Amino acid sequence: MIPLDLAALGARADAMLTELAAISAEPDRLTRLYLTPEHRRAADLVAAWMAAAGLAVREDALATVRGRWEAPSGTRRTLILGSHIDTIIDAGRFDGPLGVIAAIVAVDELRRIGVALPFAVEVCAFGDEEGVRFPTTLLGSSAVAGILDPADLDRTDAYDVSVRAALATYGCDPEAVAAARIAAEDAVGYLEVHIEQGPVLEREGVPLGVVTAIAGATRAVVTVSGEAGHAGTVPMGLRLDALAAASELVLAVERIGHAGAASDLVATVGRMAVRPGAVNVVPGAVELSLDVRASSDAPRRAAMAAIAAAAAEIAARRGVGIDIAVTHDRDTAPCTPAIVDVLSDAVAALGLPPRRLMSGAGHDGQAMAMLTDIGMIFVRCRGGVSHNPAEYASPEDIGLAVAALVRAVEGLAEKERERR
Ligand SMILES: [Zn+2]
């Protein structure tokens, strides 16, 4: 094995992270939603980096930037590396971009040291992982995996713009979804580097982790329908106050989250829109978001059933309507044991303990798992903080992650040669 300059790899990736983080919808904080002008600029920068690393770059129907390094043999077998470049509102600079940049730097390093791989490598910069703009998630990776639900293209954002229309404005052809797919027989596997987004690695003083599974998640849009009325004239006893009913539901969600059978069950209402939303009007309708996750599927499903029952009880007692529309429901995705082993060996080759852990957050790997074998490397992040501008991973740890990715690609190459 040719030794790697970890400090140089980390410094380079860190500088790229800083450059990408400057591309935002807002001057003072990082917000880069799917199919926005900021996304366009970020995609162009990533495409330029990929081209500079010697990759053949294209953009697919769902706006995923794809940089391909063909194998000398010309085989269609493809190892996929990547993560996402969309962010939440007021994001940190590592969640997503780290995985894209680590992949580009790793591929550049492999090319530089002159490794001849028995498969092609394709680096993907996915666009819709966070699911903030549209009530969808993982659109880009779902298209690559061939599991995109065409109905998702008709989902709309807060301004009633559909995914399909936004793709056209962005410069993509939403009708070309089929061409985004990688055939299952061509896929070698999918590897992603990501910050841990939790405190385990930092607490144990371990820079890298190897992910064993990605927790399932259910998301829903809940609509509470009451009756709007004059705040001064409708007596308390005659009101159908949608916000008061929604508030009861929020507390029920919190209670059910606490009481779940799995200790890692979490249930969150993160957004609420009140209509008409005036100081002197009894709220007529409320739309709220629901997000339920656990490391196994049964507790998550039980929690969703309990929330539906609580909603039905509140609706009946208060005489309001409560509709729960599930927009995302994905089961736990186990990482492939053979890939977990390769990643563990890659981490161990750097002299680090290959700490294995579960991912509570969702990732593109959940969609990619429907296509091929998956594995993830987690990078320790300060305080376990993420989805927050304070998000931080050190250049040293990032250098280790890039090196682990390089070693993992070499490990998979070994396996691929044996496979023949
Ligand atoms: Zn992410």
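This is a predicted model: local features need pLDDT of at least 70, side-chain atom pairs count only at pLDDT 80 or more; totals for chains, interfaces and linings use all residues.
I will start with the domains.

Now the place where the domains touch. On the domain 1 side, 17 residues make contact, and on the domain 2 side, 12 residues do. The size of an interface is often stated as the accessible area that is lost when the parts come together. Here about 940 Å² is buried between domain 1 and domain 2, and carbon and sulfur atoms give 41% of that area. Three residues, Thr137, Ala215 and Thr332, supply 42% of what domain 1 buries against domain 2, more than any other three residues.

What holds charges or polar atoms together across this boundary? Between the two domains there are zero salt bridges, but six residue pairs are in polar contact. Sorted by class, the side of domain 1 that touches domain 2 has eight nonpolar, seven polar and two charged residues.

Next, salt bridges in the structure. Side chains of opposite charge can pair when their charged atoms come close. The count comes to 33 salt bridges. One of them joins arginine 93 and aspartate 14, with 3.8 Å from N to O. Arginine 93 sits in the loop between β3 and α3, while aspartate 14 belongs to helix α1, residues 6-21, so the pair links parts of the chain 79 residues apart.

The loop that holds arginine 93 also holds phenylalanine 94. That brings me to the rings, where a search of the whole structure finds three aromatic pairs. In the pair of phenylalanine 94 and tyrosine 392, the ring centres are 6.1 Å apart and the planes stand at 80 degrees, so the pair is edge-to-face. Tyrosine 392 is in the loop between β16 (374-379) and α11 (395-419), 298 residues from phenylalanine 94.

Last, the backbone. Where is the cis peptide bond? A cis peptide bond joins arginine 275 and proline 276, with omega about 0 degrees. Proline 276 lies in the loop between β10 (272-275) and β11 (281-282). Aspartate 160 has a positive phi of about 70 degrees, although it is not a glycine. Aspartate 160 is in the loop between α4 (139-145) and α5 (163-170).

Terms used: Residues are numbered from 1 along each chain as its sequence is written. Side-chain values use heavy atoms; hydrogens and water are left out. Contact means heavy atoms within 4.5 Å. Buried area is the accessible area (1.4 Å probe) that two parts lose on being put together, summed over both. A salt bridge is a side-chain nitrogen of Lys or Arg within 4 Å of a carboxyl oxygen of Asp or Glu. A polar contact is a pair of N or O atoms within 3.5 Å; within protein, one must be able to donate a hydrogen and the other to accept it, and residues adjacent in sequence count only if both atoms are side-chain atoms. Ala, Val, Leu, Ile, Met, Phe, Trp, Tyr, Cys and Pro count as nonpolar, Asp, Glu, Lys and Arg as charged, and the others, Gly among them, as polar. Rings of Phe, Tyr and Trp (its six-membered ring) pair if their centres lie within 6.5 Å; planes under 30 degrees apart count as stacked, over 60 as edge-to-face and the rest as tilted. Helices (H or I, at least four residues) and strands (E, at least two) are DSSP runs, numbered from the N terminus.
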